[in-house]
Amino acid sequence: MNTVANIAVSGMAAAQLRLDAAASNIANLPTEGYRRVQARAEADASGGVRARTERVPEPGSDVAADLVEQRMAAGAFAANLQVFKAADRMLGRLLDADA
């Protein structure tokens with residue numbers, strides 16, 4: 001059960017990194033020569049995801065993509081939070097049954 005919670009937490013951390021990257025891009029719109037940041041996630045062998053950021057090769061903005069990314073990341077965070085809550089409830093019920 002703990003593994004499910006750990007996977008959900010890694011998903012929430014990846015979603016937060018996506019939100020941070022998009023927010024940084026929007027905050028730096030007026031910065032000349034700023035290269036956007038993109039978050040990349042990959043499956044972790046132990047379960048869950050591992051996320052990192054990288055800069056795009058060319059400077060420039062893409063406000064529409066950053067706004068969409070924020071909405072998608074917020075949805076991913078909420079979905080992983082629901083998984084975490086469900087795992088917590090199931091563990092609580094399992095412990096209640098054993099008591």
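## The strand pair

Ala 41 stands opposite Ala 51 in strand β2. Strands β1 (residues 37-43) and β2 (residues 49-55) run antiparallel and are joined by 7 bridges. Two strands are taken as paired if DSSP finds at least two bridges between them. In a regular strand the side chains alternate between the two faces of the sheet.

The hairpin of β1 and β2 has 5 residues between the strands, and Gly 47 in this hairpin takes a positive phi near 110 degrees. The model is predicted: local features need pLDDT of at least 70 and side-chain atom pairs count only at pLDDT 80 or more, while totals for chains, interfaces and linings use all residues. Residues are numbered from 1 along each chain as its sequence is written, and side-chain values use heavy atoms, leaving out hydrogens and water.

## Overall layout

The protein chain has 2 helices and 2 strands, in the order α-β-β-α from the N terminus. The radius of gyration of the protein chain is 17 Å, well over the 13 Å that the globule rule gives for 99 residues, so the chain is more spread out than a compact globule. This radius is taken over C-alpha atoms, and the globule rule is 2.2 Å times the number of residues to the power 0.38. The C-alpha trace spans about 60 × 25 × 15 Å along its principal axes. Helices (H or I, at least four residues) and strands (E, at least two) are DSSP runs, numbered from the N terminus.

Buried residues make up 19% of the 99 residues. Buried means under 20% relative accessible area, exposed means over 50%, and partly exposed lies in between (1.4 Å probe, protein chains only). Among contacts with a separation of 6 or more, 59% are between residues 24 or more positions apart; a contact means heavy atoms within 4.5 Å.

## Salt bridges

The count comes to 6 salt bridges. A salt bridge is a side-chain nitrogen of Lys or Arg within 4 Å of a carboxyl oxygen of Asp or Glu. One of them joins the side chains of Glu 69 and Arg 18, at 2.6 Å from N to O. This pair links distant parts of the chain, with Glu 69 in helix α2 and Arg 18 in helix α1, 51 residues apart. Glu 69 is partly exposed, because its relative accessible area is 22%.

Arg 36 forms a salt bridge with Asp 66, and their closest N and O atoms are 2.7 Å apart. Arg 36 is in the loop between α1 and β1 and Asp 66 is in helix α2, 30 residues apart. Both Arg 36 and Asp 66 are buried. In the salt bridge of Arg 50 with Asp 44, the closest N and O atoms are 3.9 Å apart. Arg 50 has 43% relative accessibility, so it counts as partly exposed; Asp 44 is also partly exposed, at 26%. Arg 40, Arg 52 and Glu 54 are linked in a network of salt bridges.

## Inside and surface

Ser 10 lies in helix α1 (residues 2-27). Ser 10 is buried because its relative accessible area is 16%. Not counting residues up to four places away in sequence, Ser 10 touches Gly 48 and Val 49.

Val 63 is found in helix α2 (residues 63-98) and counts as partly exposed, at 33% relative accessibility. Leu 29, Val 63 and Leu 67 form a nonpolar patch on the surface, with about 220 Å² of accessible area together. Patches are made of residues with over 30% relative accessible area and no salt bridge; like charges are joined within 9 Å, and nonpolar side chains (Val, Leu, Ile, Met, Phe, Trp, Tyr) within 5 Å. Accessible areas come from the Shrake-Rupley method with a 1.4 Å probe, and for residues only the protein chains shown count as cover.
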